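Please open the structure in a viewer and keep the sequence at hand.

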Amino acid sequence: MLDRCENSGNYSGFGRDLAPLIEHGRHLARELAKKEVFQSADVIISSSITRALETATYIARETGLDLLVDPFFHEWRPDLDNLNYTGEAVAKAYRIFWENNGKLEENSCYRYETAEQVKQRFLAALEKYRGYDTVIIVTHGVLMRQFVSQKEIAYGEIITVDL
């Protein structure tokens, strides 16, 4: 899932991670923050990617919960070498990632993070939060799809997972 941002042509490479939510995304985040399901959580942990962090901020304001930021809850990395991070290259790597079920063929001209690497990165980072019973994690589609069998995850969709 590639996040939408305003003036996407102004953002490339790592800069895409710094792009804020669009106004529609802010509206969705404000509405999402009002969901009753969040009232039973102990803490919010967000990806450090701007759009996720902005969403988590709305939830923190509404619930009064502490907001922690974890840099390893980021989205799938389409280019581990930072050589081909144009929008076109990312889209192609994304397509190949799913065509290969998250695996990376040995002879691939792309070096993206595999599905297994995404999952293990997240699980390793999650260990330090085991002291909490219920957490809200604000993160990204490819990472989320490593724990559920859904083919599509909508923006702002709430998914409950026991780990």
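Please note that the model is a predicted one.

Select strand 1 (residues 43-47) together with strand 2 (67-70) and strand 3 (135-138). They form an open sheet of three strands in the order 2-1-3, with parallel pairing. Strand 2 and strand 3 stand at the edges with a single partner strand each, so one side of each has no neighbour in the sheet. On average, neighbouring strands of this sheet are turned by 25° against each other, direction ignored.

Now keep strand 1 and strand 2 in view; four bridges join these parallel strands. Where does Ser47 find its bridge partner in strand 2? Select Asp70, which is that partner.

**Second stop: a helix across the sheet.** Helix 2 lies across strand 1, strand 2 and strand 3, and runs at about 165° to strand 1.

The largest pocket has a volume of about 1300 Å³. Its lining comprises 47 residues, and the closest to the pocket centre are Ile137, Val138, Thr139, Met144 and Ile159. Which of the elements gives the most to the lining? Helix 1 does, with five residues. Colour the lining by class to see 30 nonpolar, 10 polar and seven charged residues.

**Last stop: an aromatic pair.** Select Tyr94 and Trp98, which both lie in helix 3 (residues 87-99), four residues apart, about one turn of the helix. The structure holds nine aromatic pairs. In the pair of Tyr94 and Trp98, the ring centres are 6.3 Å apart and the planes stand at 80°, so the pair is edge-to-face; planes over 60 degrees apart count as such.

Notes
Residues numbered from 1 in each chain as written. Predicted model: local features only at pLDDT ≥ 70, side-chain atom pairs only at ≥ 80, totals over all residues. Heavy atoms only, no water. 1 Å grid on protein atoms, 1.4 Å probe; cavity = no way out; pocket = protein on both sides within 12 Å on 5 of 7 lines; lining within 4 Å. Points joined across faces, edges and corners; volume = space filled by probe spheres on them. Helix = DSSP H or I, 4+ residues; strand = E, 2+ residues; numbered from the N terminus. Nonpolar A, V, L, I, M, F, W, Y, C, P; charged D, E, K, R; others polar. Pairing = 2+ DSSP bridges. Axes fitted to C-alpha atoms, helices over the stretch in contact; angles between N-to-C directions. Contact = heavy atoms within 4.5 Å. Phe/Tyr/Trp six-rings, centres within 6.5 Å; stacked < 30°, edge-to-face > 60°.
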